[in-house]
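Hello,

Here is the structure we talked about, and I would be glad if you opened it beside this message. My notes on what was found follow below.

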Amino acid sequence: MNYNITVLDGDGIGPEICAGAIKVLNAVGQKFGHKFNFTHKLIGGCAIDACGAPLPEDTVKTCLESDSVLLGAVGGYKWDNLPVDLRPEKGLLGIRKAMGLYSNIRPAKLWASLAEASPLKGRLVENGVEIIIVRELTGGIYFGERGRGGDGATEYAWDTEKYSVGEIERITRIACELALKRNKKVVSVDKANVLESSRLWRRTVHAYAEKHYPEVTVEDMLVDNAAMQIVKNPAALDVLLTSNIFGDILSDEAAQITGSIGMLASSSLGDGTRGLYEPIHGSAPDIAGKDIANPIATILAAAMMLRDSFKLLDECAAIENAVDSVLQEGWRTADIYEEGKNKVTGSRMACLIAERI
Ligand code: NAD
């Protein structure tokens, strides 16, 4: 099969880590008989420099015409002082909106061979951990009405957490679809003991899942308890379904227990199969150009693309197994290095993974 992938390298380490993912995808193509066609387009700071805007129209058009999109990262010191509308991050928000992506899936996976890198004690993480947070991305308090009034001691400000049944149902569908491929269980996170929006969230999640996914079990967990369970017993958690703000906070907490931000991938999906796949980290300008950035997050993002956009399950597993092998053999980039292991550059790490496909 032929697949057209738009690559948005972005800024900082973006081009280095995307090159690593492309190397691995080409190895997959060769082994399984697929052809991946890559079209590189500009986003973020490099687009501002070249065209005066963080998201050129030509980039949007190419993304919408392709089968899926791989993104490195955007941003850097050079563009930090530009007006808000011209900042590199605007490109990211813009492309998510243009592609109609309302769900963000962030697997926080701790590989058993990296258990030492986790801040949690051995017995909690010795068999590895994988928590998948399915976060609603375009609604809730980040997009609700807000305002300010008054002055002096009576000055006030407010934000609104508002969700519609439709918004909750479509993110529930994404979580249930994912659960079907795993242990058929979704833990839905809310604050239904206090918030009206959470009470609608809870009722809607259950009604929708019972009607459309009767084989999936849905359990509720209050967000404060979820924050505790992530550090108390992470191995017991699998798919967590959350609103925008709860997912934002919990996914960073979950990421921390895995040891390095350089290992974590994410996907953003909408109604179709076309998605945006990226590492969760930023453009790391402090290490850009030194060939020390860990490419594994981006390589795992490419694996998610194969599974979730192209339904290439064996090919996805081939990448994950190759990453596992390389880690078990003791190869490490600087961010996950520990005494006694073999330190390699980012590009060498990508080669090692590609060789094991
Ligand atoms: P960052 O994620 O870029 O870096 C945080 C720390 O992690 C740095 O010390 C960096 O060197 C390290 N790091 C990140 N990725 C790594 C990798 N693959 N391998 C090894 N080490 C890695 O976050 P930041 O420093 O807060 O932000 C830098 C820039 O990235 C800013 O302009 C910010 O706005 C942008 N940013 C972009 C995205 C995105 O494109 N999705 C996300 C977050 C931040």
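Serine 309, leaving aside neighbours within four places in sequence, is in contact (heavy atoms within 4.5 Å) with Ser68, Leu269, Thr273, Arg274, Gly275, Tyr277 and Met304. This is a predicted model, in which local features need pLDDT of at least 70 and side-chain atom pairs count only at pLDDT 80 or more, while totals for chains, interfaces and linings use all residues. Residues are numbered from 1 along each chain as its sequence is written, and side-chain values use heavy atoms, with hydrogens and water left out.

Serine 309 is found in the loop between H10 and helix H11 (313-328), where helices (H or I, at least four residues) and strands (E, at least two) are DSSP runs numbered from the N terminus. Serine 309 counts as buried because its relative accessibility is 7%; buried means under 20% relative accessible area, exposed over 50%, and partly exposed in between, with a 1.4 Å probe and protein chains only. The side chain of serine 309 reaches the backbone oxygen of threonine 273 at 2.5 Å.

Now to the charged pairs. A search of the whole structure finds 22 salt bridges, each being a side-chain nitrogen of Lys or Arg within 4 Å of a carboxyl oxygen of Asp or Glu. One of them joins lysine 78 and aspartate 49, with the closest N and O atoms 2.6 Å apart. This pair links distant parts of the chain, since lysine 78 lies in the loop between strand E3 (68-73) and helix H4 (88-98) and aspartate 49 lies in helix H2 (residues 45-51), 29 residues apart. Lysine 78 counts as exposed, at 59% relative accessibility, whereas aspartate 49 is partly exposed, at 43%.

What separates lysine 61 and glutamate 65 in helix H3? They are 4 residues apart in helix H3 (residues 57-65), which means that about one helical turn lies between them. Lysine 61 forms a salt bridge with glutamate 65, the closest N and O atoms being 3.1 Å apart. Both count as exposed, lysine 61 at 51% relative accessibility and glutamate 65 with a relative accessible area of 56%.

A further salt bridge brings together the side chains of arginine 146 and aspartate 159 (3.9 Å, N to O). Arginine 146 belongs to strand E6 (residues 146-149) and aspartate 159 to strand E7 (residues 156-159), so that the pair, 13 residues apart, links distant parts of the chain.

Best wishes

Definitions and conventions. Polar contact = N/O pair within 3.5 Å; in protein donor to acceptor, adjacent residues only side chain to side chain.
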